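Dear colleague,

Please find below the structure that I am handing over to you. My findings follow directly after it.

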Amino acid sequence: MTRKDIPLPQPQMEVLFTPGDIQSAIARLAQEIRQDYRDKNPVLLGVLKGCFVFMSDLVRALDMPLEIEFMSVSSYGPGRTESSGEIRVVQGLRGTIRDRHVLVVEDIVDTGITVDFVLRYLRRRRPASVRVCALFDKAARHRVDVPIDYLGFSIPDRFVVGYGLDFDERFRYLPGLYCLKEDD
Ligand code: PRP
C-alpha cells in the first residue's frame, strides 16, 4: 500500500490516547512546570510544526507569565516515516534567549536527534537554563541520549498521528493520538 492509499481517517487507525487522556497529562505537566518556573518568566520554545497543538494547550493550562518562541526544523522528508538523521533549520530563533530560562516544547521524541540538535543550538546562545518538555516519547527508538525533564507519555514503537503529529502532512488535526495500522 502506498502512502496516498491510506484512507481518511479512523478505520485504519487505533486509538492510543483519547483527547481526555491527553488533557489530563497536560494538566499534570502544567502543575509540575508551574512549580519550577512560576517566578522565572520562561521562554517556551516550540519546535514546529508538530508542537503547535500541544503548545497551545500547554500554555493555557500553565496560566502564568511566560513568553513563546518557535523554531522550525525538519528531519522527515515527504513520505518518510523515519528520521533521516539530518536536521535542517527551517526557521531559527528570532529573539535572544541569553540569560533566559528556556523550556523546549516537543510533541514527540523519537530517535532524539531533533531534541539533541535543538539543545546544542540553544546552548550556544547562552540561556540561563534549558529543559525539555515532551508529550510523547518512544524510548525504544532513541539513538542519542536526551534528557526529558517533563514527559506526558512513554509510547510503544508504533507510527503515531494526531494531536499535531502527521503522516505526510495528514492527520495533524485529530484530537487524540492514533496508531496507523500497518497492513489490512
Ligand atoms: C517530528 C517531531 C519531532 C521529531 C522527533 O518532527 O515533531 O520534532 O520529529 O523525531 P526525532 O526524535 O527522531 O528527531 P518532523 O521532523 O516530523 O517535523 P514536523 O514537526 O514538522 O512534523
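Strand 5 contributes four residues to the shell around the ligand, the largest share of that shell. Please note that this is a predicted model. Strand 5 spans residues 101-109 and, like helix 3 (113-123), supplies at least two residues of the shell. The ligand has 17 residues around it, of which E106, D107, T111, G112 and T114 come nearest. Sorted by class, the shell consists of five nonpolar, six polar and six charged residues.

In T114, a polar side-chain atom lies 2.4 Å from an oxygen atom of the ligand. For E106, the distance from an N or O atom of the side chain to a ligand oxygen is 2.7 Å. For D166, the corresponding distance between a side-chain N or O atom and an oxygen atom of the ligand is 3.1 Å. On its own the ligand has 500 Å² of accessible area, and the protein covers 93% of it.

I turn now to the chain as a whole. Three helices and nine strands make up its elements, and their order from the N terminus is β-α-β-α-β-β-β-α-β-β-β-β. The chain has 184 residues, and 48% of them count as buried. Its accessible surface comes to about 9400 Å², with 47% belonging to carbon and sulfur atoms. Among contacts between residues at least 6 apart in sequence, 69% join residues that are at least 24 apart.

Leaving out residues up to four places away in sequence, F136 touches F17, I22, D107, I108, V109, L151, F153, I155, L165 and L177. Among these is D107, which is also one of the residues that come nearest to the ligand.

K138 is found in the loop between strand 6 and strand 7. K138 has a relative accessible area of 4% and therefore counts as buried. The side chain of K138 reaches the backbone oxygen of R158 at 2.9 Å. Beyond four places in sequence, K138 touches I108, V109, D110, I155, P156, D157, R158 and F159.

The other residue is D116, which has its place in helix 3. Is D116 buried or exposed? Its relative accessibility is 19%, and the cut-off for buried is under 20%, so D116 counts as buried. D145 stands 29 residues from D116 along the chain, and the C-alpha atoms of the two are separated by 7.9 Å.

Yours sincerely

Terms used:
Residues numbered from 1 in each chain as written. Predicted model: local features only at pLDDT ≥ 70, side-chain atom pairs only at ≥ 80, totals over all residues. Heavy atoms only, no water. Near = heavy atom within 4 Å. Polar contact = N/O pair within 3.5 Å; in protein donor to acceptor, adjacent residues only side chain to side chain. Areas by Shrake-Rupley, 256 points an atom, 1.4 Å probe, with all protein chains shown as cover. Nonpolar A, V, L, I, M, F, W, Y, C, P; charged D, E, K, R; others polar. Buried < 20%, exposed > 50% of the residue type's maximum accessible area, 1.4 Å probe, protein only. Contact = heavy atoms within 4.5 Å.
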